[in-house]
Amino acid sequence: MIRYVVSRLVVSVAMVLLATLVIFLIANTVPGDPVLTALGDMAASDPAQVAEFRARWGLDLPLWQQYWLFLQRLVHGDLGVSISSRRPVLQDIIDYAPATLELATVAFILSILVGLPLGVLAAVRRDTVIDHIARAVSLVGVSAPTFWLAFIALAIFYGQLNWAPGPGRLDAVSFPPDRITGLLLIDTALQGDWETFHDAAAHLVLPSFVLAAATLGLITRTTRAAMLEALSQDYVRVAKAKGLRGRRIVVGHALPNAMLPVVTLGGLAYANLLAGAVMTETVFSWPGLGRYTFRSAVTVDFPAIMAVTAIVAAIFVLVNFLVDMSYALLDPRVVKK
Amino acid sequence: MTVKDADATSTGSDEAATAEPTFDRRGFMVLGAGGLLAAVLQSARPAAAQSAQRRGTLVIALDISDATGLDPVRVYQYSNPLPTHAAYDGMVTFDPGDSVNLKPALATEWAYQPDGKTVRLKLRTDVKFSSGKPMTAEDVRFSFTRQLNIKDQPWQYISHIEEVKVVDPHTVDIVLKDPSLPLMTIIATPAFGVLEKEVVIANGGTDAPDAKEKDKATPWLNENSAGTGPYRLTGWQRNQQIQMVKNPNYWKGTPGYDRVLIRHMSESAAQLLAIQRGDVDVAFNLIPEQIATLKDDPNISIEGMTSLDFIYMAVVEAPTNPALQNKLARQAIGYAIDYDGIIKNLIGGKAVRPVSFLPVGVNGSTEALTKEIGFREDLAKSKQLLAQAGMPDGFKFALSYGNAAIAGVGYQNLAQKLQSDLARVGIKAELTPMDQVNMRTMYLGGKLEAALTFWNPPAPENWLWSSATINRVAGRVHWKVPDDVRKLVADAGAERDLAKGAALYKKYQEAMVDAAHHFVLIQPVYQVAVRKNVTGLKLTAAGWMAELGGAKPA
């Protein structure tokens, strides 16, 4: 078991480094020049100012040296300074990450709470109304573009019905709580500020449903497929023959065996939610990491791009690692092999 | 256990056994979840929206993602002049709607001294900073000197200042290295606001010659302000909001709102919904179609302000395209464009068009002058020019543009319109869309044949446009600027009499039309939606968008 864990960890670190190298090379091949987005028109045309700018940000060094410097800093936990925000990238990420983490986590919990039971029901009651409803829900969730879904949701539930609050994490006149974790729900709860807690929770409803839609669809479909397969296995037939109750068969026998693909998918889906909320964040004016990443890419902000890549790669690799570890717990055969 | 299970099966089918209890519980859960959702959403809004606190707060929706700093010496982007102008006053200012005549602000009078290179400014004596301390000449000297030594981007517009000297507590001298370059119009912009020396120093600031390395006040000034303006900065959560509170010591009288909140909303559709709902009072980034939907809203008025920004097509004397090296061929492009159609159809008529690189509204540029000496749609003349150029059947060129939209006008739509206009005289524009940053990189490198792009000025000073066109912008279009045009620009910049300056700038614009490198197509009249519960909010084209000082609840 320990050998398995260690070997997985080594591969994980290598994967993260490889991902940063690939992004570094891609970012350096586009013709866009970060100097032009960072300097105004007049400064960008002054060779002296451009040269000074390049030297200050290390952009005048050979490529391999730039990458080497990045790695050196990374080892020391220093992600560099963002060209476009002029602040340490780490500070930017600390500012933006909680908004994304909160949104993605609520969205993930939503998609599990709804998707998993819906998938199980759809499998158990195959070809009934509930199966069709589940299919329709997941089809819409997976195929509707997030951008469109976000606007529609905002226009109906905020613009027309006025059930939900508008874009942003809080109302205009709500004072944000003192920062402890940056997660509004937790910070307000810790400080006993229930009015702001309520406000933050209300602002989470629409964006988290929109963000959950695609994940929810995937989880529903995967759970259904895995359950159908599990339900057709011999041990289920044996259980039925033994005369076990239906719910016991479903929950006790079929479900644990159907969980493997769902756990894999769930892990990746959570990582995806953390990394891929750009559209939802844009429409809902959500000050999260997705917007930050997008802006970094648009302005060719190398330090920010590299840092975000490293972090996203680390999230994916970590989630994969945890998924693999949970396999070992769910299915002892994995370790024995 | 087995017994109990066996009992269960005898009561009915497999399905029924699972179905009944699950269904009940599910129904219960759905009800429970729905109830929870309702509880979360219920009453979260109305109470907050109607509170007195909300009425005392001016909420502005604006895309502030471009801002990198709120320390005046580093303010040079599009959105950050608005809060900076609300927090700081400069020596002089412009009134909304007038980009020609300077108005007093912290300085009551200013005049060039007999030596020709010193401007002496008399300061108001009744001005206090938001801290309550009086503003003096030393604060002015400190602010300019810090700016000159930090040398961030706004500095390059005043780098011809030799030094700033205190004459007495309410008089300062600005001494110029090069008195032929303009000054007062430039220092009217928010980057040259006056900061309270003591507060800046207490937070790590310095005006020493090594301030570029030693000044550490920027992080503090990004979230606080030390100025004399109507509002004081109290916080900036990047990509989220900028908070300000009123300055009770404001020298023009107590401001109308307790707080000002600038909320970041990058999506115009979100801004539209928010202003319709009343969650924001002012929406800056609405596109023409969205403005149209607000026309009948009884709670919202649409304010227009002719900006000093413009969209133009640059045509390069590209080594790759001999046709473009021919001035007559380039002029033929100028006469083949349906200028009125562009403004009418692409931006709903909400735009004007200057002669050339000086926007309508600054000294010596008017719409009437465009009719007099500017390009106009004249296909016969265009064909005649093509014949004179030896290309009666027209020519081809590549027109590049970024995947972006300015003032609601997509470059793609504009390029297609130009393509069909030019086709009428046989000129074929091949459209090459590209990523905005790549486009800019190629264009600034002089590597394109033609580009659609955008210009927005740091200050309403003619010389900033005219000197750009004969220097860096000339390089981008491979224009070898004739000496007489260079002299014209220098003379016009040095001219301190407005009327004489206007006459020189007319000649300059004629030269620009003759050279035919820049075809200015759209100078937008920005449309801003303001809820009727706000009065006194004046929009301005000078670069800081609006005067928040006069705004108050209706």
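Me: Which residues of H10(B) are buried?

Reply: This is a predicted model, where local features need pLDDT of at least 70, side-chain atom pairs count only at pLDDT 80 or more, and totals for chains, interfaces and linings use all residues. Residues are numbered from 1 along each chain as its sequence is written, while chains are lettered from A and ligands numbered from 1 in the order in which they are written. Helices (H or I, at least four residues) and strands (E, at least two) are DSSP runs numbered from the N terminus, and a residue is buried if 20 or more other C-beta atoms, placed from the backbone, lie within 10 Å of its own, exposed if 12 or fewer, and partly exposed in between. In H10(B), seven of the ten residues are buried, and they are B:Ala270, B:Gln271, B:Leu272, B:Leu273, B:Ala274, B:Ile275 and B:Gln276.

Me: How many residues of chain A are in contact with the 51 residues of chain B?

Reply: Two residues are in contact if their C-beta atoms, placed from the backbone, lie within 7 Å. By that test, 51 residues on the chain B side pair up with a set on chain A. The number in the chain A set is 53.

Me: And which element gives the most to the side of chain B that touches chain A?

Reply: The elements giving two or more residues to this side include H1 (2–10), H4 (52–55), strand S1 (57–62) and H10 (268–277) of chain B. The residues there divide into 19 nonpolar (Ala, Val, Leu, Ile, Met, Phe, Trp, Tyr, Cys and Pro), 13 charged (Asp, Glu, Lys and Arg) and 19 polar (the others, Gly among them). The top contributor brings eight residues, and that is H2(B).

Me: How many helices and strands are there in chain A?

Reply: Start with chain B, which has 21 helices and 24 strands, with 51% of its 554 residues buried. Chain A has 337 residues, and 46% of them are buried. Its C-alpha trace spans about 85 × 55 × 40 Å along the principal axes. As for its elements, chain A has 16 helices and zero strands.

Me: How are H1(A) and H15(A) set, roughly parallel or roughly antiparallel?

Reply: The axes of H1 (residues 2–29) and H15 (residues 302–330) of chain A come within 9 Å and cross at roughly 150°. Axes are lines fitted to C-alpha atoms, for helices over the stretch in contact, and angles run from 0 to 180 degrees between N-to-C directions. Angles under 35 degrees count as roughly parallel, over 145 as roughly antiparallel, 65 to 115 as roughly perpendicular and the rest as oblique. That makes H1(A), relative to H15(A), roughly antiparallel.

Me: Is the crossing of H1(A) and H15(A) left-handed or right-handed?

Reply: Residues meeting there include A:Ser12 and A:Phe24 in H1(A) and A:Ile305 and A:Phe321 in H15(A), and the contact divides into 14 nonpolar, three polar and two charged residues. A crossing is left-handed if the near helix is turned anticlockwise from the far one by less than a right angle, and right-handed if clockwise. This one is right-handed.

Me: What is the crossing of H6(A) and H7(A), left-handed or right-handed?

Reply: The axes of H6 (residues 89–124) and H7 (residues 129–143) of chain A come within 8 Å and cross at roughly 135°. H6(A) and H7(A) are therefore oblique to each other. Their crossing is left-handed.

Me: Which residues have the most contacts inside the largest nonpolar core?

Reply: A nonpolar core is a set of buried Ala, Val, Leu, Ile, Met, Phe, Trp, Tyr and Cys residues joined through C-beta atoms within 7 Å. The largest has 253 residues, and H10 (residues 194–231) of chain A gives the most to this core, with 20 residues. Those with the most contacts inside the core are B:Ala61, B:Ala283, B:Leu414 and B:Leu521.

Me: What distance separates the C-alpha atoms of B:Leu308 and B:Ala541?

Reply: B:Leu308 lies in the loop between S12 (300–306) and S13 (310–315) of chain B, and this residue is buried, with 24 other C-beta atoms within 10 Å. Its contacts beyond four places in sequence include B:Ser99, B:Pro359 and B:Ala541. B:Leu308 and B:Ala541 are 233 residues apart along the chain, yet their C-alpha atoms are separated by 6.0 Å.
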